Amino acid sequence: MNVVKKLFAKYGYPIIAAIILFFPGAALWSQTQNVREVARAVDEHYNHLKTFKAAFTEIYQGDGISRTESGTLWLKKPGRMRWEYRVPREKLFLIDSQNAYFYVTGDRQARRTPVKNLDDIRSPLRYLLGKTKLEKELDGLSLAPDLTPVEPGDLVLRGVPKALKDRVSEVVLEISASHQIRRIVIHGLDGTTTDFRFTQMEENVPVQDGLFRFTPPPGVDVFEDSQVAQ
């Protein structure tokens, strides 16, 4: 019986909570996991969610460009997502299960494309609210002990997304002890890096369906595009 199990047997859930809250640097959770156990726990966690809300920060680096943006993300089954950017410029990326929309506040046009044609690095995140398995989505899924997590005590995984092999060389996932995905780092084959960080995460909270319907502002035209990307 490992240390955590012994403590749990003697003191129950309060001691586990205390370890997570006050001794994250001890990383007891991360030291006792293997990649299959972690993947199954994450799958189980997200497959039982119906809605998800979080503050996000997106950090892009590549081609001599460094850009940091932030806003709020909403997800809702089945396959709906809304990225509402607020800093440094307001814009919207939205998926309503069938179509994806991209609109920058103040523009005279918005773009729309069918989800089946979507080629955007944010799109895989919507599957966190569907029936998915990390081991099936990511080739070569493994622990990444050489990478330092943003939060001490988190686990870091790496793999290659099967659906984006022609664009992405590696995806890095940071997993909390409560099996939440706290961070997603996407390394492109072109040398670019996009780092998504999630905070203030809320699960199974009321989320109105209207958030996932795109209504263009007066005077804004919606045109069909083969791809919707930032």
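View 1. Val 172 stands opposite Val 185 in strand 10. The model is predicted: local features need pLDDT of at least 70, side-chain atom pairs count only at pLDDT 80 or more, and totals for chains, interfaces and linings use all residues. Residues are numbered from 1 along each chain as its sequence is written, and side-chain values use heavy atoms, with hydrogens and water left out. Strand 9 and strand 10 run antiparallel and are joined by 7 bridges; two strands pair if DSSP finds at least two bridges between them. Strands (E, at least two residues) and helices (H or I, at least four) are DSSP runs numbered from the N terminus. The hairpin of strand 9 and strand 10 has 5 residues between the strands, and His 179 in its turn has a positive phi of about 70°.

**View 2. Strand 10 beside strand 11.** Strand 10 and strand 11 are antiparallel, with 5 bridges. Arg 183 has Arg 197 in strand 11 as its bridge partner. Between these strands the hairpin has 4 residues, and Gly 191 takes a positive phi near 90°.

View 3. An open sheet of mixed pairing contains 12 strands in the order 7-8-9-10-11-1-2-3-4-5-6-12. Strand 7 (138-143) and strand 12 (221-224) each have a single partner strand, so one side of each lacks a neighbour in the sheet.

View 4. The structure holds 7 aromatic pairs, counted where ring centres of Phe, Tyr and Trp (its six-membered ring) lie within 6.5 Å; planes under 30 degrees apart are stacked, over 60 edge-to-face and the rest tilted. Trp 83 and Phe 198 form a tilted pair, because their ring centres are 6.4 Å apart and their planes lie at 50°. Trp 83 lies in strand 3 (residues 80-87) and Phe 198 in strand 11, so the pair ties together parts 115 residues apart in sequence. Both Trp 83 and Phe 198 are buried.

**View 5. Leu 173 in the core.** Leu 173 touches residues including Leu 134, Leu 155, Ile 181 and Ile 184, where contact means heavy atoms within 4.5 Å. The largest nonpolar core has 36 residues, a core being buried Ala, Val, Leu, Ile, Met, Phe, Trp, Tyr and Cys residues joined through side-chain atoms within 4.5 Å.

Terms used
Buried means under 20% relative accessible area, exposed over 50%, partly exposed in between (1.4 Å probe, protein chains only). Lists of a residue's contacts leave out its neighbours within four places in sequence.
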